[in-house]
Every structure is written in structure tokens, then in C-alpha cells.
Amino acid sequence: MTPPPTARVLVTLDEDLARAAADRQGALWKLAESGRALDANVVRLPPGAAVGEHTDHVLDVLLVVLDGDGVLATPTGTEPLAPRAVVWLPRTSRRSLTAGERGLVYLTAHPRRPGLTVASAPPDAVPVRAPAAEGGEPPCALNHVCPACGRLCGERDARFCARCGEALPG
């Protein structure tokens, strides 16, 4: 019989962030405990880097700014981000993040994503075109797949994963 999980300190972020190289970007820490119902990441964006405009149609996300500065952009305007700002990113909301001059370090937390299901595409999804009768197969999209969490990025110019903040390949 498996014992019940025990509450415990997983990481001390001051120490963990201090050990991370100053030029390291993307996910610096991830919640990886087995059997969890929550996902959490600490993400670092270098100065001027951005998580492109996107929408999560499934999950609400809580974002807490730990260090640096930046801007949250939504269709209704922009809001400055500074340490200790707590931001609610409701599902279906369009948003983007841009790091300021000092870069941006933030923690995100949300319920674990449900398993894959077959459903209608969201209205703003990038259409997948069938290959033409001639001309071969469509180009490979592996450079749009996050190496850390496997999310397929729909934004063509995105440099970082909208889910976990990891740098996208290429």
C-alpha cells in the first residue's frame, strides 16, 4: 500500500535562481512530483523577449512575478509587471508577455492539463491544410513543438512556449 503524499518544501527559489546561470532562459524549475494535479513552472525571459499572443482554451493560469519587469498585453490594453504582481490569466483570454530591461522571472501555476481528447478546433486555431495533389508533404513543424512540455505553438514568430516559457527550437 502506497503511503499518502506528504507536504514538504520542494525548492527555495532564491537559492535555485541564484544557481541558475544569468543567461539561462526558459523554464528554470518545474513541478515534477508524481501523482500531482497541479503544474507549476518558474520561467525566465531575457530582456526584450516575449511570449507571443496566445489563448489557452482549457485552463486558467495564475502568474506571480518574482523578479525583473515586463508588460502584460491584452486586447484591452497593457499592464506593467513588477515583482510580487499576481496576475490571473483566465482561460479563453488573449494575452502576451514581454520582458522589460531587467528581464522577467515569473512562476505560473495551473491544474494539470487533461488528457488528449477529440474535439472541435477553437475558432482562432491555425488551420492544418491537406497536402496538395502535387508538391510533396507539408513542411515539418517540429521547430514549433516545445521540447519541455510538448505543446505545439500556433504562433509562427513565437520564440518561447506559451505554456511553460521554454525556448522553442530553431
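Two residues are in contact when heavy atoms of theirs lie within 4.5 Å. In this predicted model, Leu45 makes such contacts with Val51, Ala99, Gly103, Leu104, Tyr106 and Phe160, leaving aside residues up to four places away in sequence.

**Overall architecture**
- From the N terminus on, the order of elements is α-β-β-β-β-β-β-β.
- Among contacts in the chain with a separation of 6 or more, 64% are between residues 24 or more positions apart.
- The chain exposes about 11100 Å², and carbon and sulfur atoms supply 57% of that area.

**Nonpolar cores**
- The largest nonpolar core has 17 residues, and those touching the most other members are Leu45, Val51, Leu63, Leu81, Leu97, Leu104 and Tyr106.
- Two or more residues of this core come from each of strand E2 (38-45), strand E4 (61-74), E6 and strand E7 (94-111).
- Another core, of eight residues, lies apart from it and includes Leu17, Leu31, Ala40 and Val105.

**Surface patch and Trp88**
- On the surface, a nonpolar patch is formed by Leu62, Val86 and Trp88, which together have about 340 Å² of accessible area.
- Trp88 is located in strand E6, which covers residues 86-89.
- Trp88 counts as exposed because its relative accessibility is 57%, the cut-off for exposed being over 50%.

Methods
Residues are numbered from 1 along each chain as its sequence is written. This is a predicted model: local features need pLDDT of at least 70, side-chain atom pairs count only at pLDDT 80 or more; totals for chains, interfaces and linings use all residues. Side-chain values use heavy atoms; hydrogens and water are left out. Patches are made of residues with over 30% relative accessible area and no salt bridge: like charges are joined within 9 Å, nonpolar side chains (Val, Leu, Ile, Met, Phe, Trp, Tyr) within 5 Å. Accessible areas come from the Shrake-Rupley method with a 1.4 Å probe; for residues, only the protein chains shown count as cover. A salt bridge is a side-chain nitrogen of Lys or Arg within 4 Å of a carboxyl oxygen of Asp or Glu. Helices (H or I, at least four residues) and strands (E, at least two) are DSSP runs, numbered from the N terminus. Buried means under 20% relative accessible area, exposed over 50%, partly exposed in between (1.4 Å probe, protein chains only). A nonpolar core is a set of buried Ala, Val, Leu, Ile, Met, Phe, Trp, Tyr and Cys residues joined through side-chain atoms within 4.5 Å.
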